[in-house]
Amino acid sequence: MDIHLWVNGERQTWSVGPRERLLDVLRREGLYSVKHGCETGECGACSVLLDGRPVVTCTQLAAQADGHRLETVESLSRPGQPLHLIQQAFVDTGAIQCGYCTPAMVMAALSLLRRNPNPTEAEARETLSGVLCRCTGYVKPVLAVLRAAAALRGQTLPPVDFGQGHSPPAGLFEGRPAEPDDVPRSGSGAGSSALLAKVIPDTLIRAAGRKTVGQAEKKKDALKLVKGTPSFTADMEHRGLLHGKLLTSPHAHARLKRLDTRRAEALPGVHAVISHLNVPRVHYASGGQSYPNPKPWDQVSFDHTVRYVGDRVAAVAAETLEIAEQALRLIEVEYEVLPAVFDPEAALQVGAPIVHAEADAIGIPDAQRNLVAHIGALLGDMAEGFAAADHIFEREYRVHQVQQAPIEPHVVMTWWDNDERLNVLTSTQVPFHVRRMLAPLVGLPAKRIRVIKPRIGGGFGVKQEMLIEDIAAHLTLATGRPVLLEFTRAEEFRSSRSRHPQVIRYKAGVKNDGTLTALDMRVVANTGAYGTHGLTVQNCTGLRGLSTYNCLTRRFDCDVAYTNLPVPGAYRGYGAPQAHFALESLMDEIAEALNLDNLEFRRKNWVKVGDPLPVGGQLGESASESNIPTVLSSGLEQCVEQGMAAIGWSRKFDPAWRTVPGRPHRKRGLGVAICMHGTAIPGLDMGAASLKLNDDGSFNLLVGATDLGTGSDTVLSQIAAEVLGVALDDINIYSSDTDLTPFDTGAYASSTTYISGTAVKKAAEQVRDQIFAVAAEIFKLPSPAGLRLGGRQVWTADGQAVSLERVGLHATHTHNQHQIMASASYVSPECPPPFAAQFAEVEVDTETGVVEVKQVVMAVDCGVAVNPATASGQVEGGMIQALGYGLCEEMAYDEHGRLLTTRFGDYRIFAADEMPEVQVILVETEEPSGPFGAKAVAEIPLDGAAAALANAVKDATGVRIRQIPLTPERVWRALRAAEAHPAAAGESA
């Protein structure tokens with residue numbers, strides 16, 4: 001059928017199917033700013049304006065648009081034209097991280113500002129609430145809407161203040177209606193104007209006079225993302241593209257007695273059906289980790305046994321997605337259902353169902369006990385440590401399974417190029433690992449595989465995995481055609497990866513004065529059906545759970561168990577959020593029991609500059625007792641001081657503040673957690689960079705590092721620009737192509753700025769030296785000594801200058817012709833810890849158990865923030881993921897192991913209008929081992945929120961809850977139990 005409509009101001013006639021979604025038609029017609037994030041209209045990434053109002057297109061038939069006017073972000077700025085003021089505001093405020101949801105946010109803002117040119121912050125939040133964002137925490141997008149409103153009203157806008165000391169744009173919100181409570185929220189409301197983060201500067205660092213490093217430069221990829229230019233995997237077009245689809249198991253544990261694919265293969269439009277019947281059985285571990293991948297190698301592309309609901313059974317490639325889905329329904333499978341086990345402690349018992357009974361898996365320590373790994377570490381004599389204590393505390397904490405929920409699901413496209421090499425375009429954090437791991441599975445040498453990472457719509461660890469690339473590759477090998485394989489939202493929840501659930505038991509010895517003498521940490525972890533990341537995540541749990549505080553004796557004992565649940569893997573924080581929830585809850589419990597101030601107790605024991613981190617010599621992928629990490633920089637003391645002031649910590653001791661006036665059933669509380677993370681894996685993570693001078697004085701920078709939306713392309717470019725004395729625009733960066741860019745282990749372990757940034761700095765310094773040598777020739781100097789770079793020129797000590805353009809032309813055309821270029825690599829022996837203090841304010845409704853988070857403050861020592869805008873954005877977004885972990889997100893199952901939370905309507909992540917007030921404080925220190933003093937920032941925001949919330953709930957109600965999430969039902973039950981047994985209120989689970 002034909003439909004007639006106006007699209008971006010132009011009359012269109014489109015032929016559509018009667019059941020074709022508007023989303024699919026828009027993308028088919030080249031409007032790739034409209035993104036797929038779900039199939040239920042709940043994420044909003046597919047939003048457009050229909051007759052001026054935002055609508056989701058994934059639940060609307062194309063036929064329903066007949067006779068209407070549609071607008072997408074492509075209408076706002078044609079190629080070569082200036083950005084629309086709303087787009088410019090998103091760029092200026094740093095509101096773009098991965099950029100996958102940005103076009104939908106921009107269009108929602110456009111709709112609002114047409115109706116209301118002077119919105120309140122609450123109205124801006126309500127407008128953006130229809131578009132879920134997993135990256136930003138909504139702080140900067142809300143500001144972008146309000147800033148755009150001011151610009152559209154004709155106000156002159158000063159620079160956005162990213163906490164670097166610019167004058168705040170005081171007139172930005174003049175004339176707008178007051179907020180309901182007239183309280184600034186998230187740094188973007190009345191009073192705080194556009195102050196997005198607070199930077200506590202180090203005067204010596206600022207005295208260095210850096211021009212680019214430390215500046216809130218605009219992101220290198222902002223233009224393409226805010227304009228909706230095709231940039232993501234599914235945006236790419238290939239002639240003859242087939243659509244892949246995966247058939248998964250409906251049972252938690254079963255053997256495939258019969259698999260008949262003949263009817264599916266006979267369906268017109270189907271080009272291949274693959275399964276264990278026709279795909280080679282090659283064992284591997286899917287975690288994107290360094291060579292050789294940690295064992296066990298317990299996966300094959302397709303197996304005759306399925307081990308969780310959502311496990312692979314077969315895959316098809318067909319001319320259309322509809323045909324592929326129909327083909328799946330024609331595959332006949334007869335299952336022999338096997339006993340299943342879902343609890344990790346039960347799985348380790350004798351007689352439990354065996355998850356991996358196959359004989360050919362590689363490196364499972366004890367398959368009969370479902371034991372994936374046993375991990376241990378011991379410092380000192382535990383008996384002596386407990387004997388030295390005046391008090392002994394034993395507590396159990398439980399943490400649950402949550403999903404990373406990137407708005408862009410897993411997606412990959414594979415094809416043969418003209419040289420008959422397999423090309424893999426994939427939304428991955430680890431392109432080089434994917435190539436290495438994929439080669440043996442498809443029977444090709446790595447030299448015949450090229451992996452390319454485009455922009456990624458969120459990763460958060462879930463894409464540190466070679467998850468579906470092998471399926472698409474096998475389909476391309478079987479058909480000779482390009483194949484696109486993209487998960488639905490339900491598949492993303494069921495069949496990708498998640499965070500490991502754990503049972504954590506602490507035993508602590510403490511002296512009367514609060515000195516820790518012993519910490520014994522025992523963990524049972526659930527790695528689901530496969531062992532990917534099972535060993536290494538739990539290694540990090542032990543490392544984080546036993547390193548924040550000095551202690552005479554320490555022990556870590558951990559069993560990692562198989563179960564028949566969907567598979568946990570890497571998730572931002574990588575074992576630390578689990579550990580910190582238990583550790584920081586325990587610290588509060590000890591302080592309360594000993595009648596000590598909870599922050600003074602922590603201060604007495606936390607590690608300080610010069611202290612060794614001896615657990616790091618025993619736990620970790622490259623742990624060695626001959627190389628004990630040492631703390632070289634710490635701003636933790638300032639983090640605590642700044643956080644206390646920002647949250648209003650003194651209110652905690654004011655009885656009048658603790659109850660909401662007129663609502664005695666609502667109780668207020670404040671909580672705190674101290675966090676310490678790591679920066680890269682010492683001796684293992686490696687990054688490389690290549691840099692060349694062009695003959696116009698600009699530079700091409702090639703890195704293998706993977707930008708997930710974190711801004712690493714921008715940060716690495718800033719490091720190069722700082723060394724070379726040029727503006728950011730003079731650095732053209734190319735990243736993440738296994739054919740063209742240097743090797744990098746990938747985006748994980750908070751390593752990119754530190755590892756890849758150091759490689760970039762080293763390469764830039766080599767290029768700088770080559771520039772000086774050529775400039776010395778031009779100046780006819782005997783040596784380059786005394787030369788310096790600045791303003792795209794080389795300067796002599798007496799003030800003479802020559803442009804970089806002239807240097808480039810001289811080197812390539814005039815004398816001793818050569819290309820000025822260099823490459824460098826870096827592996828660090830250090831793993832410098834960032835530190836943070838996380839504060840939370842809550843109100844608890846004691847009648848319903850609802851916990852309302854009113855305010856969160858995180859003060860972070862990440863060394864020097866190379867880009868305060870991207871650094872603060874990482875903290876803002878990370879804190880909101882962490883709040884979800886502590887408060888409302890949970891993968892829930894029925895008694896058969898079937899996941900119940902397979903859509904955003906059931907799996908609740910924060911929307912813009914549900915956000916508490918958010919404040920980020922960056923405390924500068926100079927890490928001597930990092931590039932320009934930088935260390936990690938991306939993961940530590942996940943670490944402390946759950947504990948801070950639990951501690952705040954205890955402060956408000958007097959009831960200790962040792963299991964997350966703090967759902968209304970769990971809190972309500974704990975409150976009722978405390979009423980029934982008042983003496984045990986502090987012991988509630």
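**Exercise 1. Which side chain meets that of Arg481 in a salt bridge?**

Before the solution, some conventions. This is a predicted model in which local features need pLDDT of at least 70 and side-chain atom pairs count only at pLDDT 80 or more, while totals for chains, interfaces and linings use all residues. Residues are numbered from 1 along each chain as its sequence is written, and side-chain values use heavy atoms, with hydrogens and water left out.

Step 1. Apply the criterion: a salt bridge needs a side-chain nitrogen of Lys or Arg within 4 Å of a carboxyl oxygen of Asp or Glu. Arg481 meets Glu319 in this way, at 3.2 Å from N to O.

Step 2. Arg481 is in the loop between helix H13 (469-479) and strand E18 (483-486). Glu319 is in the loop between strand E11 (312-318) and helix H9 (321-330), and the two residues are 162 residues apart.

Step 3. Classify the accessibility, where buried is under 20% relative accessible area, exposed over 50% and partly exposed in between (1.4 Å probe, protein chains only). Arg481 has a relative accessible area of 21% and is partly exposed. Glu319, at 33%, also counts as partly exposed.

**Exercise 2. Which residues form an aromatic cluster with Phe493?**

Step 1. Rings of Phe, Tyr and Trp (its six-membered ring) pair if their centres lie within 6.5 Å; planes under 30 degrees apart are stacked, over 60 edge-to-face and the rest tilted. This rule gives seven aromatic pairs.

Step 2. The ring centres of Phe493 and Phe904 are 5.9 Å apart and the planes stand at 75°, so this pair is edge-to-face. Phe493 is in helix H14 (residues 489-495), and Phe904 is in the loop between helix H22 (868-887) and strand E33 (917-923), 411 residues apart. Phe493 and Phe904 are both buried.

Step 3. Phe493 also pairs with Tyr907, in a tilted arrangement with 5.0 Å centre to centre and 50° between the planes. Since Phe493 lies in H14 and Tyr907 in the loop between H22 and E33, the pair ties together parts that are 414 residues apart in sequence. Tyr907 is buried, as is Phe493.

Step 4. The cluster linked by ring pairs is therefore Phe493, Phe904 and Tyr907.

**Exercise 3. Which charged ends sit over the rings of Trp6 and Phe932?**

Step 1. The test is that NZ of Lys or CZ of Arg is within 6 Å of the ring centre and within 35 degrees of the ring normal.

Step 2. Over Trp6 sits the charged end of Arg69, 4.9 Å from the ring centre. Over Phe932 sits that of Lys761, at 5.2 Å.

**Exercise 4. What surrounds Leu684?**

Step 1. Leu684 is in the loop between strand E23 (663-676) and strand E24 (686-693). Its relative accessible area is 25%, which makes Leu684 partly exposed.

Step 2. With neighbours within four places in sequence set aside, Leu684 is in contact (heavy atoms within 4.5 Å) with Ser290, Glu621, Ser622, Thr745 and Val827.

**Exercise 5. Summarise the chain as a whole.**

Step 1. The chain has 24 helices and 33 strands.

Step 2. Of its 989 residues, 64% count as buried.

Step 3. Among contacts between residues at least 6 apart in sequence, 77% join residues at least 24 apart.

How values were computed
Helix = DSSP H or I, 4+ residues; strand = E, 2+ residues; numbered from the N terminus.
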